[in-house]
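Subject: Structure handover

Hello,

Here is the structure I promised to pass on.

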Amino acid sequence: MQYARPSSIKEASGLLAKARGKAFVLAGGTDLLVRMKGDFVEPDLIVDIKAIKGLNEIKKTAKGFSIGAAVPCAAMGENKALKKAWPGVVEAANLIGSDQIQGRCTAAGNLCNASPAADSVPALVAAGAKVVIAGPKKKRTVAIEKIPAGPGKTTLAKGEIVEAIQLDKRPARSGDAYLRFIPRSEMDIAVVSAGVNLTLDGKGVVKAARVALGAVAPTVLLLPKAAKAIVGSKLDEEALEKLAAACSAACRPIDDKRGTVDFRIKVAGVLARRAAKIAYKRAGGK
Amino acid sequence: MGGIAVTTTINGDEVDFVCHAEETLLDVLRDRLGLTGAKEGCGTGDCGACSVIMDGRVVCSCLVLGAEAEGKKIGTVEGMASGDKLHPLQTKFLEHAALQCGVCTPGFLIAAKALLDRNPDPSEEEIRYGLAGNLCRCTGYDKIVRAVQDAAKVMKGA
Amino acid sequence: MVEVALWGALSAATGGRKTVDVEAKDIRELFRKLAERYPGLEPYIERGIAVSIDGVIYRDTWSKELPKDAEIYLLPRISGG
Amino acid sequence: MTLGADFTGQKFKSVGTRPLRPDGVDKVTGRARYGADFNMPGQLVGRVLRSPHAHAKIKKIDTSRAEKLKGVKAVITAADLPDLTGGGDMFDILDNCMARKKAFYDGHAVAAVAAIDAPTAKKALKLIKVDYEVLPHVTDVDEAVKPGAPLLHKHMFTGGVEPKPKKPSNIANRCQYGHGDTEAGFKEADVIIERSYRTEQTHQGYIEPHACVASVSPDGTAEMWVCTQGHFVYRQQCAELLGIDVSKLRVTSSEIGGGFGGKTHIWAEPLALALSRKANRPVKLVMSREEVFRASGPTSATSVDVKLGAKKDGTITAAEATLRYSNGPYAGMWAELGAMTSFACYDLTNVKTVGYEVLVNRPKVAAYRAPSAPMAAFAIESAMDELAQQIGMDPVKFRIKNAAKEGTKSSYGPVYGPIGIGPTLEASLKHPHMKAKLGKNQGRGMACGFWFNFGGQTCTDLNIGVDGTVALAVGTVDVGGSRASLSLVCAEELGIPYEQVKAVVADTSTLGHNDMTDGSRGTFSSSMATIFAARNAIKVLRERAAQMWDISVDDVVWEDGQAKAKGQKHGNLAPLSLKEIAAAAPNTGGPIAGHSEIVADGAGVSFATHICDVEVDPETGATRVVRYTVVQDAGKAVHPSYVEGQYQGGAAQGIGWALNEEYIYGKDGRLQNPGFLDYRIPVCSDLPMIDTQILEIPNPKHPYGVRGVGETSIVPPLAAIANAVSNAVGVRMTHIPMSPPRILAALEKKKAH
């Protein structure tokens with residue numbers, strides 16, 4: 001196995017594009033090294049992107065935030081401005097594993113590992129995040145929900161690397177939240193999870209909303225119908241019921257060692273309701 | 001098969017080693033550098049027994065490649081005491097009988113040190129969530145939390 | 001003469017008897033007499049039997065005396081965790 | 001030599017205090033050396049090839065390509081371990097170490113290699129070709145007893161059944177305990193309940209994987225450094241399997257990173273020895289966490305039916321339990337232990353328990369802390385709680401009314417001596433926890449627990465140093481702090497300060513045979529042996545003092561750590577300290593020591609009552625333990641901090657077992673969660689502080705009244721939490737672990753009708 005530590009993203013994507021055998025990007029490594037230990041993957045080349053300038057920075061511009069692909073989730077939690085603007089996205093990133101994992105794992109890595117139960121992805125999808133992808137020849141930016149293609153699979157082409165995750169400037173009176181269900185209080189993979197992001201009008205009525213679920217389908221689910229259930233409401237009981245029903249109806253979960261189909265369908269609705277209420281309060285709603 | 005030459009700093013000393021590309025930092029510490037304080041309990045980042053401090057952050061050394069240690073500052077349990085004076089956490093773990101078999105203790109001491117460096121006056125809940133990445137099967141955690149609370153008081157000079 | 005109570009599997013090896021009367025002053029004599037009268041007990045004695053005397057469980061130390069009116073109970077050797 | 005083991009009721013100076021443990025500094029500085037921390041020059045890396053099938057005949061193993069790979073120094077299969085056992089339990093251990101004809105479970109070892117480094121060993125395993133004939137398998141304890149279930153052993157006929165059955169079955173043995181006439185008892189009952197319970201298989205969960213370094217030399221001598229709960233038993237068994245003379249195999253017990261019964265059994269150690277013998281170089285073999293789950297010794301999965309009858313006034317008239325315990329592929333006595341402990345806490349006129357040892361395609365079951373008792377207690381204590389509820393009686397008072405006392409005929413046979421179940425119940429009734437206010441969706445539950453305790457072979461050496469300090473060599477492995485307790489006992493008996501004693505765990509060439517540290521016997525038996533060794537040493541010290549004073553030894557007494565001359569005529573003789581007597585030793589007869597080689601007997605049982613508060617989220621079924629209290633009888637707490645540690649550790653394991661821990665097998669018979677991510681043991685943020693109350697009802701058969709305390713604490717939690725969940729949200733859970741999906745499903749069912 002070869003280990004490379006390029007100092008530019010161009011060099012990194014070039015290495016990946018030319019690689020003959022199995023090549024992997026190494027950011028935090030908290031997924032990749034686990035899969036290597038379990039012999040699920042045996043890489044021929046590992047490209048460590050942590051020496052590339054700019055990738056381990058969180059930039060705040062007029063247009064919003066840009067989170068470098070090598071930024072550890074712990075650093076997201078320590079960035080006051082990001083936490084104030086996107087509490088839901090940051091709490092999702094900070095739920096991935098223990099402090100030991102937080103010091104290494106990255107949101108981009110969480111996205112590209114493409115586990116249906118990835119914690120940061122539902123919150124980022126609800127937030128309408130975009131992903132900057134650097135290829136050997138050109139760069140492109142796509143909506144984040146376009147990246148996951150199924151368990152362990154993404155839509156990235158050979159040689160393409162995620163350079164950064166972008167969050168646009170938020171309209172006023174906006175709030176987001178992320179909740180997940182795990183049997184213990186820490187250290188588990190989400191059995192089911194929900195991210196809600198919404199914006200209120202002057203009178204506290206939901207003007208716009210995005211709802212995303214994790215661990216209930218081969219990839220994260222963006223649910224326009226569930227969002228519509230709360231738009232135009234002040235999250236009264238009836239709207240919350242419709243939100244929960246829409247979420248449960250959209251689930252296509254499996255039975256596995258972490259949860260059952262019925263459990264995931266029922267709890268998806270419960271978490272969506274609870275996350276919506278938190279987001280509503282964060283947006284200034286009473 | 002040629003190895004990768006790495007220069008790093010461990011417990012304040014400059015250290016050079018050569019390792020295979022797929023070798024983890026934990027394997028390097030234990031099998032090449034003779035620092036067996038960090039333990040392998042799982043190899044997958046789920047038990048925390050291999051915790052070390054790298055550039056100020058607590059990490060699982062089983063999830064870090066040896067090659068990634070280039071130019072880093074690494075702290076292991078062997079470096080916690082200064083000379084023959086134990087770190088307050090080491091002393092309090094002994095006083096509170098916060099270890100039985102002791103195999104998880106190095107990992108807990110490193111994680112607790114990182115926690116207190118960042119948050120000198122943590123609540124019980126903050127201690128418990130800060131140490132959730134370290135598994136212990138003997139103690140039920142009670143005496144570990146009390147030892148960390150006591151050490152925090154001493155370190156704050158309260 | 002002491003009355004010895006047998007646990008499940010042992011009574012099966014003596015044709016279902018729950019208790020046996022044996023003339024024995026210590027554990028060694030007890031085992032020897034039991035094996036003579038019920039050869040089916042041999043493998044159990046070989047693997048090791050725990051002897052309860054008035055509620056206290058003893059290993060099969062041959063020299064252990066059997067007090068006349070004590071309650072003697074034979075039990076499987078127990079392993080722990 | 002036993003000089004009277006009976007309890008004397010003396011006052012203590014050292015015993016009962018909380019000094020720092022002698023092995024502590026090494027453990028907090030990372031210097032302590034565990035199984036995988038030891039290396040020998042020229043050592044090879046050992047790796048094991050394991051069956052991916054749950055049940056398969058091994059037709060052929062081709063190791064030729066692996067043997068040719070550069071850097072591979074030895075490859076072994078079962079052929080390299082000829083059967084020297086003569087059948088029985090030892091044959092099962094041999095067959096489990098490496099499959100001889102059939103692979104019986106996912107993870108069963110079939111071959112092993114020793115190579116110059118890990119990458120080479122890994123490559124070598126891939127080059128070994130095994131020709132399997134896959135057979136149908138059964139992994140569920142109830143499925144395995146159904147007619148037509150795949151048979152693990154064609155010639156296995158259920159033992160303990162007369163007349164002998166004609167057809168083979170997966171039930172290896174039937175056992176029965178109890179007394180009185182339960183049929184008649186049930187007729188007298190006003191209220192009868194019948195319930196069936198299931199518990200899934202769990203693992204001890206020690207954080208240190210099995211590890212050893214073995215070195216066998218062509219002259220028949222061998223050495224092994226290993227993490228174990230009993231290096232003497234490991235030596236005896238490995239020597240037998242390898243055909244080595246016992247005294248030529250020296251086994252050193254490393255510091256042990258937790259055992260809880262899982263390290264009372266040899267797993268890959270014989271393979272390391274066989275590889276080392278073949279390669280004529282030391283071999284280091286360390287299990288991965290996945291291997292620990294797939295191929296060490298978890299406890300049984302169980303299926304238990306309980307029937308209880310009681311009068312309105314709360315008197316139990318009849319109690320029955322039928323217990324099916326999975327044993328893995330080899331017959332053990334696990335159901336038997338369950339049948340013995342089921343009703344051990346109760347004073348019953350009519351009781352009957354029947355146990356079935358069930359064979360399944362899962363790893364070979366080994367002991368896990370009070371083996372078999374937690375599962376039986378879950379069934380019985382849940383049923384007792386429900387019965388008390390139906391009679392409208394407080395659950396604690398219901399148990400006090402039926403609790404076993406001194407003189408009670410136990411359900412497993414013998415009459416009890418003085419026991420602590422009553423006092424722990426009374427203490428829990430008065431405990432503040434019982435009166436604390438409960439919040440929304442919260443509930444309280446309690447349960448009782450018991451475990452035997454036993455002594456066994458123990459020997460101890462006590463040597464007086466030239467400077468008068470004392471070196472205490474014990475043979476029982478110290479897992480949880482027993483070196484501290486034994487140093488306290490030694491200091492107490494010699495009358496000297498604790499700091500003057502240094503206790504070490506000696507290897508097999510420096511002491512006589514010692515039984516395993518299991519059955520909570522570590523402190524019990526080694527403290528007794530330490531006391532006798534100290535008394536023997538005192539005899540020698542008095543003789544030396546008599547020589548120094550030139551007076552009769554009968555006029556010399558030992559008090560407060562000094563030799564004193566008795567009687568007026570010796571009035572002017574100043575007492576002689578240990579230091580002074582030791583300094584004169586060269587002239588008075590040489591080194592001074594005390595030895596003790598005994599079978600420690602008269603171990604006293606240890607009872608406990610636990611109280612638990614939980615909060616259940618009715619919308620997700622998630623359960624959180626918000627308060628937990630352990631009340632347990634220790635006889636005498638030698639080092640209270642470590643007694644509390646046993647209470648808290650056992651409770652935490654019980655809580656994990658009750659809520660989240662289970663072996664999950666797929667339809668393909670493969671273990672789906674062999675890792676700490678999906679085999680979920682409690683993390684720090686899952687638990688509250690665990691309060692403890694130590695009761696001290698002296699064990700009359702131990703000089704200081706000590707009882708073994710290590711295991712009882714894991715017995716009550718399963719039922720205590722189940723009863724608390726029922727109290728919180730009104731559903732009776734009958735399947736452990738009570739994972740959120742199971743609780744949510746139970747809540748849905750309750751809402752439905």
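Predicted model: local features only at pLDDT ≥ 70, side-chain atom pairs only at ≥ 80, totals over all residues.

Domains of chain D

Chain D is divided into three parts. Domain 1 covers 24-32 + 455-600, domain 2 covers 35-135 + 209-256 + 263-295, and domain 3 covers 302-453 + 604-752. The C-alpha centres of domains 2 and 3 of chain D are 37 Å apart. Their contact involves 15 residues of domain 2 and 16 residues of domain 3. On the domain 2 side, α3 (88-97) and α8 (289-295) of chain D each provide at least two residues.

A helix pair in chain D

Look next at α10 (residues 373-391) and α18 (residues 717-729) of chain D. Their axes come within 7 Å and cross at roughly 35°. The crossing is right-handed. From α10(D), the residues in contact include Phe378(D) and Glu381(D); from α18(D), they include Leu718(D) and Asn723(D). The contact residues comprise six nonpolar, two polar and two charged.

Chain B against chain D

Here 43 residues of chain B contact 42 residues of chain D. On the chain B side, α2 (88-95), α3 (105-118), α4 (124-130) and α5 (142-155) each give at least two residues. α2(B) gives the most, with four residues. That side of chain B holds 21 nonpolar, 13 polar and nine charged residues.

Best wishes

Technical notes
Residues numbered from 1 in each chain as written. Chains lettered and ligands numbered in written order. Axes fitted to C-alpha atoms, helices over the stretch in contact; angles between N-to-C directions. Left-handed = near helix turned anticlockwise from the far one by under 90°. Contact = placed C-beta atoms within 7 Å. Nonpolar A, V, L, I, M, F, W, Y, C, P; charged D, E, K, R; others polar. Domains from an automatic or database assignment.
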